[in-house]
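Dear colleague,

Please find below the structure that I am handing over to you, together with its sequence. My findings follow directly after it.

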Amino acid sequence: MDLLEKFRLGSLAALHALANKTIDLNSIGAVRQQVRDLENNIKDLKNDLAEADGHAVTARDDRDALTEKAADLQRDIDTLLLDEDDSNDSSALILQRELNDLRGEITAAQEETEASALAAKELREAVVLNDSQLASFKSQLSQLSSLHRTARSKARSASTLVKAKELLGDGVDSGIDSIARQIRESANVADAKFAQAVSDVHSEASQDVAISQASADLARRKKELAARIVENSSAVEPAES
């Protein structure tokens with residue numbers, strides 16, 4: 001179970017830490033860093049997912065091998081009991097004790113198989129969630145970068161016109177002032193669009209955090225309900241003679 005704990009507590013904790021941290025998205029640089037963090041997290045999650053899938057297959061194979069061995073023992077016991085030779089009962093008793101011990105191993109192997117499958121499932125869902133977040137941030141980053149370039153271009157144009165006015169003198173003050181005012185207004189609009197886009201990114205990040213938390217809560221509740229069903233079934237099941 002140590003390996004499973006590594007998968008679930010290590011990889012999933014990294015996912016939740018990334019999703020739940022307070023994200024300062026007040027600059028393009030911050031958004032770019034968030035994209036890099038998500039890319040690195042996805043890489044780590046995929047590596048852990050490969051290990052979890054491999055462990056799940058191994059656990060299932062171990063359980064199947066133990067189950068087959070138990071079936072062979074049961075057949076051997078039945079053969080000894082049906083041969084009408086009571087002297088073989090002692091041999092059957094030895095095999096029965098071995099079978100009883102083996103059943104305990106099978107139960108443990110089944111639990112590990114189910115836990116391994118659950119760990120792999122949770123990691124797979126985490127990869128999907130991170131991929132979705134990454135796609136969203138990349139799209140927002142592209143929009144922010146475009147708006148930023150537009151605002152810088154307008155600012156340079158305004159600066160150039162101011163210099164032109166200084167060179168031409170006061171005769172063209174009115175025309176230059178009008179053009180400069182239009183450019184400043186366009187730059188202000190671009191700045192407002194940029195600020196709005198930043199706000200949209202922050203809002204979407206908050207939604208992603210909520211989705212991540214809800215997914216984790218659902219997975220935990222599903223496991224609790226499954227355990228409760230197993231416990232209730234065990235409570236009403238008659239004892240074996």
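This is a predicted model: local features need pLDDT of at least 70, side-chain atom pairs count only at pLDDT 80 or more; totals for chains, interfaces and linings use all residues.

Residues are numbered from 1 along each chain as its sequence is written, and side-chain values use heavy atoms, with hydrogens and water left out.

Overall fold

The protein chain contains four helices and zero strands, where helices (H or I, at least four residues) and strands (E, at least two) are DSSP runs numbered from the N terminus. Its pattern along the sequence is accordingly written α-α-α-α. Of its 241 residues, 30% are buried; buried means under 20% relative accessible area, exposed over 50%, and partly exposed in between (1.4 Å probe, protein chains only). The chain exposes about 15300 Å², of which carbon and sulfur atoms supply 53% (Shrake-Rupley method, 1.4 Å probe; for residues, only the protein chains shown count as cover). Where contacts (heavy atoms within 4.5 Å) link residues at least 6 apart in sequence, 82% of them join residues at least 24 apart.

Nonpolar cores

A nonpolar core is a set of buried Ala, Val, Leu, Ile, Met, Phe, Trp, Tyr and Cys residues joined through side-chain atoms within 4.5 Å. The largest has 11 residues, among them Leu-66, Leu-73, Ile-77, Leu-80, Leu-95, Leu-102 and Ile-106. Helices α2 and α3 each supply at least two residues of this core, and the largest share, six residues, comes from α3. Leaving aside residues up to four places away in sequence, Leu-80 touches Asn-88, Asp-89, Ser-91, Ala-92 and Leu-95. Another core, of nine residues, lies apart from the largest one and includes Ile-28, Val-35, Ile-42 and Leu-144. In soluble globular proteins, nonpolar side chains tend to be buried together.

Salt bridges

The whole structure holds five salt bridges, each being a side-chain nitrogen of Lys or Arg within 4 Å of a carboxyl oxygen of Asp or Glu. Three of interest are described here.

- Asp-72 pairs with Arg-75, with their closest N and O atoms 2.1 Å apart. Both residues lie in helix α2 (residues 28–81), three residues apart, about one turn of the helix. Asp-72 is partly exposed at 34% relative accessible area, and Arg-75 is also partly exposed, at 48%.
- Lys-121 pairs with Glu-125, the closest N and O atoms being 2.7 Å apart. The two are separated by about one helical turn because they are four residues apart in helix α3 (residues 89–168). Lys-121 is partly exposed at 34%, as is Glu-125 at 38%.
- Arg-63 and Asp-64 meet through their side chains at 3.0 Å, N to O. Arg-63 counts as buried, with 18% relative accessibility, whereas Asp-64 is partly exposed, with 36%.

Polar contact

Asn-41 is found in helix α2 and is buried, with a relative accessible area of 8%. Its side chain is joined to that of Asn-130 by a polar contact of 2.9 Å. Such a contact is a pair of N or O atoms within 3.5 Å; within protein, one must be able to donate a hydrogen and the other to accept it, and residues adjacent in sequence count only if both atoms are side-chain atoms.

With kind regards
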